[in-house]
Amino acid sequence: DQQVKQNSPSLSVQEGRISILNCDYTNSMFDYFLWYKKYPAEGPTFLISISSIKDKNEDGRFTVFLNKSAKHLSLHIVPSQPGDSAVYFCAATFSGNTGKLIFGQGTTLQVKP
Amino acid sequence: NAGVTQTPKFQVLKTGQSMTLQCAQDMNHEYMSWYRQDPGMGLRLIHYSVGAGITDQGEVPNGYNVSRSTTEDFPLRLLSAAPSQTSVYFCASSSAGGSYLGAKNIQYFGAGTRLSVL
């Protein structure tokens with residue numbers, strides 16, 4: 001039972017354009033969501049997060065949108081840069097359930113120069 | 001600042017062998033977790049700990065043991081390795097946080113251990 005799903009295994013965009021990565025979840029009890037970025041042979045690194053009390057959080061070129069009614073979140077990267085090429089994982093958790101992140105399968109983003 | 005350190009980086013085992021994957025963090029984090037990453041599966045939680053002496057099972061705990069005798073260390077033990085345990089293993093830690101909700105949920109990961117079981 002995959003509680004967090006990233007249905008697009010890969011995405012390719014041109015440098016300077018917008019990248020949109022999507023994530024769906026099934027458990028309505030999740031109340032905190034995170035995006036991680038992973039380069040080959042490295043561990044995942046935290047990128048941006050959002051609490052369920054918000055519908056948008058912005059940090060520089062990265063914006064995460066949360067639609068609770070649709071159980072959907074998305075990560076927007078504007079403008080995309082070649083250095084953004086990596087695997088992106090979304091993750092969800094319950095705020096009282098620390099130490100337990102539930103991850104999606106990941107989306108490989110390729111930004112072409 | 002080393003953060004989360006995992007050793008070894010690579011390991012090849014034969015079926016039935018045992019080994020311990022080491023994880024140490026120097027951030028004084030209360031929470032530590034072990035995940036495995038498999039193609040098309042994302043990262044799946046194996047075991048986690050909310051403090052020294054306290055551990056609990058995650059999504060895929062079978063075949064793995066953990067203990068947490070100190071805040072800094074959280075080793076993962078494979079008692080009898082199987083080919084199905086071929087994977088990349090990541091250790092992570094996070095702070096108990098205080099009033100900042102995000103601090104409790106933002107986990108910091110090590111560089112991983114790539115394990116092959118033949």
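What follows is an account of the disulfides, chain by chain.

Guide: This is a predicted model, in which local features need pLDDT of at least 70 and side-chain atom pairs count only at pLDDT 80 or more, while totals for chains, interfaces and linings use all residues. Residues are numbered from 1 along each chain as its sequence is written, chains are lettered from A and ligands numbered from 1 in the order in which they are written, and side-chain values use heavy atoms, with hydrogens and water left out.

Taking a disulfide as a pair of cysteine sulfur atoms within 2.5 Å, the count over all chains comes to 2 disulfides. One of them links A:C23 with A:C90, at an S to S distance of 1.9 Å, and its torsion about the S-S bond is about 60°, so this disulfide is right-handed. Because A:C23 sits in strand β3 (residues 19–25) of chain A and A:C90 in strand β9 of chain A, the pair ties together parts that are 67 residues apart in sequence; strands here are DSSP runs (E, at least two residues), numbered from the N terminus. Both A:C23 and A:C90 are buried, that is, under 20% relative accessible area with a 1.4 Å probe, protein chains only.

In chain B, a disulfide joins B:C23 to B:C91, with S to S 1.9 Å, and this link is left-handed, with -75° about the S-S bond. B:C23 belongs to strand β3 (residues 19–25) of chain B and B:C91 to strand β9 (residues 87–94) of chain B, so the parts tied together by this pair are 68 residues apart in sequence. B:C23 and B:C91 are buried as well.

Technical notes
Helices (H or I, at least four residues) and strands (E, at least two) are DSSP runs, numbered from the N terminus. Buried means under 20% relative accessible area, exposed over 50%, partly exposed in between (1.4 Å probe, protein chains only).
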